[in-house]
Amino acid sequence: LPDGLAPSFLNKPIIKQDAKTATVQIDIAADPNPSLFWVKDGKDLMNVDKYITRIDRKGGNKYSIFLDIKNLASSDSGLYKCIISNEVGTAVANVAIKIAGDKASLEQTDKLAPSLEKAKVTKDAKQKSIKFEYRCKGKQEPKVTWRKSKTEIKDTPNKYKISKKKETDDTYVFTLDVLNATPADGGVYKILAKNDAGDAHALINLNVDAEAQPPYIDLLDFGFLNELNFYREELEPSETPQKKPVVEQPKILEAPIPTIAAPLEYNADDRDRLIPTIQTDEPLYEEAGPRRASTA
């Protein structure tokens with residue numbers, strides 16, 4: 001659903017008369033632009049010579065709605081319904097008109113059709129609850145019904161809580177709490193407020209995201225280990241969302257500490273101990289000093 005304001009009535013209908021033409025005016029608020037229908041005694045009123053309907057924008061999300069009734073006659077007495085609607089909701093005002101002679105007047109002027117302000121939505125992550133709160137004006141006190149899709153919502157332990165509070169003589173606050181919200185609680189919710197002067201309903205779309213699924217963590221040991229150790233641990237979701245899951249660290253198998261050994265002792269054989277000799281042509285003298293080699 002688009003973000004916006006369901007149509008609502010800003011005041012009671014008023015009627016003005018000029019000769020034999022009576023004009024009914026109602027001021028409203030709506031966003032986005034509303035569509036307009038008038039009904040008399042259950043039959044749609046079309047823009048013909050007898051009836052003319054129009055809607056004038058006053059600025060922002062404010063509008064004035066008009067119904068002109070021409071050539072007044074006693075047969076024009078009756079219950080008229082003004083229906084305004086947009087993508088966010090609908091409002092209906094009951095306008096009782098009485099024609100006496102050539103004079104038109106409104107009946108039930110002491111009543112005001114319900115009008116709903118924009119919803120206030122509050123989420124409580126700790127309690128897993130979602131609250132819809134609507135401020136509603138109406139005289140007499142409106143009767144309120146909550147629905148999800150086409151099913152009426154009743155007070156239900158651990159699921160729905162419905163309440164109301166009176167702020168002033170004509171203003172009330174109606175509240176719906178969705179408790180222990182899950183994705184199954186998502187959908188379109190509707191509030192319907194009704195009294196003798198008319199009714200109003202507003203729609204709100206609720207999306208409840210599923211909690212994040214617990215991840216799987218794969219842990220592999222390093223390549224220098226002799227064995228490949230594989231650990232797979234599934235994290236269980238925490239019972240309390242605000243606490244992070246604790247992952248137990250895997251135990252890595254200890255590799256033996258490498259040692260450096262001294263080199264093996266080298267065993268030399270007798271050939272390693274031979275002393276090279278120099279061949280000469282001169283006789284050897286043990287005590288005659290250094291030996292000399294012959295030169296060519």
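How many disulfides does a search of the whole structure find? I ran the search and it finds 0, a disulfide being a pair of cysteine sulfur atoms within 2.5 Å.

I note the basis of the entries: this is a predicted model, in which local features need pLDDT of at least 70, side-chain atom pairs count only at pLDDT 80 or more, and totals for chains, interfaces and linings use all residues. Residues are numbered from 1 along each chain as its sequence is written, and side-chain values use heavy atoms, with hydrogens and water left out.

**Cysteines**

**Whole protein**

I counted secondary structure next. The protein has 21 strands and 0 helices; these are DSSP runs numbered from the N terminus, helices being H or I of at least four residues and strands E of at least two. Of the 296 residues in the protein, 32% are buried.

I then took the contacts, meaning heavy atoms within 4.5 Å. Of those between residues at least 6 apart in sequence, 55% join residues at least 24 apart. The accessible surface comes to about 20500 Å², and carbon and sulfur atoms hold 51% of that surface. Accessible areas come from the Shrake-Rupley method with a 1.4 Å probe, and for residues only the protein chains shown count as cover.

**Asp185**

Where does Asp185 lie? I find Asp185 in the loop between strand S17 (171-178) and strand S18 (187-195). Is Asp185 buried or exposed? Its relative accessibility is 6%, so Asp185 counts as buried.

The side chains of Asp185 and Lys159 are joined by a polar contact of 2.9 Å. A polar contact is a pair of N or O atoms within 3.5 Å; within protein, one must be able to donate a hydrogen and the other to accept it, and residues adjacent in sequence count only if both atoms are side-chain atoms. Not counting residues up to four places away in sequence, Asp185 touches Lys148, Lys159, Tyr160, Val178, Asn180 and Leu206.

**Asp199**

I place Asp199 in strand S19 (residues 198-206). With a relative accessible area of 18%, Asp199 is buried. Leaving aside neighbours within four places in sequence, I list its contacts as Ala91, Val92, Pro114, Leu192, Ala193 and Lys194.

**Backbone**

I checked two cis peptide bonds. One runs from Asp31 to Pro32, with omega near 10 degrees, and Pro32 is in the loop between strand S3 (21-31) and strand S4 (35-40). The other joins Lys139 and Gln140, with omega about 5 degrees; Gln140 sits in the loop between strand S13 (129-139) and strand S14 (143-148).

I also looked up positive phi values outside glycine. Ala19 has phi of about 55 degrees and lies in the loop between strand S2 (14-18) and S3. Ala19 is exposed, with a relative accessible area of 63%. Asn158 has phi near 65 degrees and is found in the loop between strand S15 (151-152) and strand S16 (160-166).

Methods: Buried < 20%, exposed > 50% of the residue type's maximum accessible area, 1.4 Å probe, protein only.
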